[in-house]
Amino acid sequence: MVKCQVVMDALETIAPKRMAEEWDNPGLLVGALNQDIHKILVCLDVSDEVVEQAIEAGADMIVAHHPLIFRGIKKLRTDLPLGHRLQQLIKHDIAVVAAHTNLDIAEGGVNDVLAQAIGLSKLSSFVIERQDVDGSVLSMGRMGSLPVPMTVQDFARQVRDALPTEHVRLVDAGPRPVRKVALCSGSGAEFIQKAAFMGADVYVTGDVKYHEAQQAVEQGMHIIDAGHFGTEFPVVAVLKERLMEELAEAKGTVEVIADQSSKDFFTVV
């Protein structure tokens, strides 16, 4: 076993908390820093299914991308979903930690994993947030390129096949071949204008609305909406491996497993 603090230190190496947006709520959300940790379950969301998975697997820590607690809690109603989930976590002594926008921004984090999965290289910053303490640029999203140009239809199929999704939504802006790609995992529609301004042929993100798609077409840029889940879930397996590497040098042993059962809420019928 290792102490919870040791796991937190490992996560700090992977995705420093200082990188997170001011509105975010990363870090230890349930549990104590001196808690003993034997097994960690890495996931995207702390859902009821994930909590049950952790209980059945004997995990005593959940490392999630999305924070379980985001805003202030004024009451703890165990007959409501969040309250019941928290009750189960405390009852079974399961700590919960989140690495959210800090993992989006960090090198090797959510956006780099997405870029690699869909075949991009020559990655650079996309939306520059601010400078880190060492002077390096913190960027939300990435710009990258394909080895050779391809049609947006072929690239959309490549994205679909590379990610844990059965479909993508394609916004076709006309006969423009794709080579330069902008991306932002999760909900990145707010950066459509930025992607177009930077000369992207296509923008890959999730949760795009009708008028946002219209805006992209008017600027001659394709969009591939691969969903919030589809663009972010690939980081789970990668984060599991990186945690194992960081914890390999720790005094004590801890098992790290990845959520294998979660699926997108959206399906096509």
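Reply: Glu-241 has a relative accessible area of 39% and counts as partly exposed. The model is a predicted one.

Me: Why is Glu-241 called partly exposed?

Reply: Buried means under 20% and exposed means over 50%; Glu-241, at 39%, lies in between and is therefore partly exposed. Lys-240, at 22%, is also partly exposed.

Me: What makes the pair Glu-241 and Lys-240 a salt bridge?

Reply: The cut-off is 4 Å between a side-chain nitrogen of Lys or Arg and a carboxyl oxygen of Asp or Glu. The N to O distance here is 3.6 Å, so the pair qualifies. By this rule the count comes to eleven salt bridges.

Me: How do you know that Asp-201 and Arg-176 form a salt bridge?

Reply: Their side chains meet at 2.9 Å, N to O, which is within 4 Å, so the term applies. The two residues are 25 residues apart, and the pair links distant parts of the chain: Asp-201 is in the loop between α7 and β11, and Arg-176 is in the loop between β9 and β10.

Me: Why is Asp-201 called buried?

Reply: Its relative accessibility of 12% is under 20%, so Asp-201 counts as buried. Arg-176, at 26%, is partly exposed.

Me: What makes Asp-161 exposed?

Reply: Its relative accessible area is 58%, which is over 50%, so Asp-161 is exposed. Asp-161 forms a salt bridge with Arg-160, the closest N and O atoms being 3.0 Å apart.

Definitions and conventions. Residues numbered from 1 in each chain as written. Predicted model: local features only at pLDDT ≥ 70, side-chain atom pairs only at ≥ 80, totals over all residues. Heavy atoms only, no water. Buried < 20%, exposed > 50% of the residue type's maximum accessible area, 1.4 Å probe, protein only. Helix = DSSP H or I, 4+ residues; strand = E, 2+ residues; numbered from the N terminus.
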